[in-house]
Amino acid sequence: MIRFIDVQKTYDNGTKALKGVSLRIDDGEFAFLVGPSGSGKSTIIKLITGEEEPTDGRLMVNGYNMGSIRNRQLPYMRRTLGVIFQDFRLIEKKTVWENLEFVMRAVGASPREIRKRIPYVLDLVGLTRKDDRYPDQLSGGEQQRVAIARALVNNPHMIIADEPTGNLDPGRSLEIMMLLEKINELGTTMLVVTHEKELVNRFSKRVIAIENGRIISDETGGYYKNEEII
Amino acid sequence: MKRSYNFGYFIAEGFRSIFTHGLMSFAAVFMILACLIIMGSFSLVAVNFERELGQLEADNQFLAFVDETYTREQAQAIQAKLEALENVSYVEFTTKEQAKENYAAKYAGDQNQELYEELPTEVFRDRYAVHMKDISLMNETIDQVEGVEGIDGHQAAPEITEGFVMVRNVAAGVALILIVLLLLISLFIIYNTIKLGTFTRREEITIMKMCGATNGFVRAPFVVEGMLLGLAGAVLAFFAQWGVYSLIAHAIDTGSTIQLITVIPFQEMWKGVLAVFAATGLVVGTGGSVMAIHKFLQV
């Protein structure tokens with residue numbers, strides 16, 4: 001579960017990115033976070049992943065208080081999350097299997113667990129026979145599937161997808177979004193940051209809209225209404 | 001318990017990384033090799049110099065004269081007491097007759113040679129040449145020798161001894177400073193070389209961190225890589241040093257102008273050189289990679 005209580009974030013250069021954000025995302029939910037560039041979406045992601053600390057307010061991520069979390073605890077908090085990036089961020093010199101393996105190694109999984117879990121996750125994202133390929137041998141959509149598999153492989157409580165379809169054509173975007181929905185139905189909480197109005201409106205999910213560092217709407221089964229902010 | 005799963009993985013990743021980033025690895029090994037050869041060459045010169053000094057020191061001695069009233073047997077009985085003294089390496093007994101012969105021989109060919117040869121034996125005394133383990137303790141040793149029953153007087157040249165001690169101290173100081181300096185320069189160069197390699201992999205490190213990898217997990221393959229690069233550089237440097245040293249030693253041994261210097265054969269020192277090179281390579285490689293990666297772990 002994620003809980004923001006009147007969270008504020010001011011960067012060192014004086015930019016006020018968040019001006020009192022209160023928000024709650026419960027376990028098992030699927031939520032879109034929408035808003036224009038510079039609205040504070042990335043800051044919310046950075047606060048959740050521990051890349052930044054809140055200036056004020058209280059932030060809880062899967063039981064960790066992000067205002068007082070110690071550096072030593074940060075890796076363990078991050079293991080409760082799976083992060084998907086717009087640019088995939090796969091390690092180019094590792095095969096698909098190795099890209100997943102190192103993430104499992106990082107949490108101390110045994111070779112036996114690795115051999116069991118990776119085929120299952122690759123099957124889930126539809127990449128069963130591509131475990132020996134390198135990222136540059138895959139299409140954009142396939143690379144994003146690998147990134148999803150990587151986010152999923154350690155069975156996190158929550159997946160945060162930062163513009164997961166930003167580099168994909170509409171057809172591939174829909175496939176990826178449907179895959180994320182399927183993963184959510186299997187019990188993983190999903191927070192998807194996106195600009196894509198049509199995609200958001202196609203799924204009747206919770207939509208949290210942010211602008212100028214403030215939540216301007218938060219509706220379950222909502223729509224991405226404000227065309228001007230796209 | 002779970003950590004043990006990753007040991008082989010870290011070794012394999014370290015090895016793989018060396019070949020994946022071949023050019024940077026080559027640069028790092030080359031830098032380690034160059035630094036070790038410079039440091040090693042200087043150190044070997046210092047070792048040779050130290051041995052030459054040691055031999056000169058060993059030749060340095062003082063004379064302890066035996067009481068004139070002692071018989072030959074009594075005089076020779078003192079030897080055991082002298083050799084029992086802590087800083088005494090060994091002693092050589094010389095009778096007064098031998099002393100006279102030595103004295104005359106020293107002036108053989110002199111215009112007053114006859115005069116020296118005709119000196120009465122009674123002018124000389126039985127004596128011991130006392131060789132010390134540590135010549136910087138000469139004064140204390142003289143006092144101890146003077147305290148031995150049957151010793152009556154001594155002859156020493158402390159200014160020569162002090163000269164040796166000073167030269168040795170200065171040489172050791174200069175060698176130490178230069179070796180530390182070269183070591184620091186090596187560490188700096190390796191640090192920058194590995195940092196350059198690490199910089200290209202900062203994205204990889206960020207991904208690892210975002211996936212919940214601990215600093216230890218991220219660092220381990222880099223440390224293994226640094227150790228392997230350090231060891232590879234050390235082994236190559238060892239053989240290169242062997243070759244360079246042997247060439248120089250051969251040139252000195254066969255040269256007509258510098259025959260006074262005796263060069264220690266490399267075969268006598270190879271184990272020490274290999275151990276020092278391997279240890280330095282390991283420390284520099286590991287230290288350099290730990291320092292280089294530190295900055296990128298702040299994610």
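# A guided tour of chains A and B

Begin by selecting Arg16(B) and Glu98(A), which form a salt bridge whose closest N and O atoms are 2.9 Å apart; the term salt bridge stands for a side-chain nitrogen of Lys or Arg within 4 Å of a carboxyl oxygen of Asp or Glu. This is a predicted model, in which local features need pLDDT of at least 70 and side-chain atom pairs count only at pLDDT 80 or more, while totals for chains, interfaces and linings use all residues. Residues are numbered from 1 along each chain as its sequence is written, chains are lettered from A and ligands numbered from 1 in the order in which they are written, and side-chain values use heavy atoms, with hydrogens and water left out.

## The interface

Keep both chains in view. Across the interface of chain A and chain B the rule finds two salt bridges, and the count of residue pairs in polar contact between these chains is four, with both residues at pLDDT 80 or more. A polar contact is a pair of N or O atoms within 3.5 Å; within protein, one must be able to donate a hydrogen and the other to accept it, and residues adjacent in sequence count only if both atoms are side-chain atoms.

How many residues does each chain bring to the contact? Chain A brings 26 residues and chain B brings 21 residues, contact meaning heavy atoms within 4.5 Å. The area buried between the two chains is about 2,100 Å², and carbon and sulfur atoms give 60% of it; buried area is the accessible area (1.4 Å probe) that two parts lose on being put together, summed over both. On the chain A side, select Arg78(A), Phe102(A) and Arg105(A), which lose the most area to chain B and together account for 27% of what that side buries.

## Salt bridges within the chains

Stay with Arg105(A), whose side chain meets that of Glu101(A) in a salt bridge (3.2 Å, N to O). Both residues lie in helix H3 of chain A, four residues apart, which is about one turn of the helix. Glu101(A) is buried, with a relative accessible area of 14%, and Arg105(A) also counts as buried, at 10%; buried means under 20% relative accessible area, exposed over 50%, and partly exposed in between (1.4 Å probe, protein chains only).

Now select Arg145(A) and Glu175(A), whose side chains meet in a salt bridge (3.1 Å, N to O). Arg145(A) lies in helix H5 (residues 140-152) and Glu175(A) in helix H6 (residues 170-185) of chain A, so the pair ties together parts that are 30 residues apart in sequence. Is Arg145(A) buried or exposed? Arg145(A) is buried, with a relative accessible area of 16%, whereas Glu175(A) is partly exposed, at 32%.

## Two backbone positions in chain A

Move to Asn62(A), in the loop between strand E4 (56-61) and strand E5 (64-65) of chain A. Phi of Asn62(A) is near 45°, a positive value in a residue other than glycine, and the residue is buried, with a relative accessible area of 15%. The side chain of Asn62(A) makes a polar contact with the side chain of Thr80(A) (2.9 Å). Asp6(A), in strand E1 (residues 2-10) of chain A, likewise has a positive phi, near 50°, and is partly exposed, with a relative accessible area of 41%.

## Across chain B

Finally, show chain B, which has ten helices and four strands, and in which buried residues make up 39% of the 299 residues. Select helix H8 (residues 202-210) of chain B: seven of its nine residues are buried, so this helix is largely enclosed by the rest of the structure. The buried residues of H8(B) include Glu204(B), Ile205(B) and Lys209(B), and just after H8(B), Gly212(B) takes a positive phi of about 95°.

To end, select Asp152(B) and Arg125(B), whose side chains meet in a salt bridge (3.7 Å, N to O). Asp152(B) lies in strand E4 (residues 151-155) of chain B and Arg125(B) in the loop between helix H5 (113-117) and strand E3 (127-132), so the pair ties together parts that are 27 residues apart in sequence.
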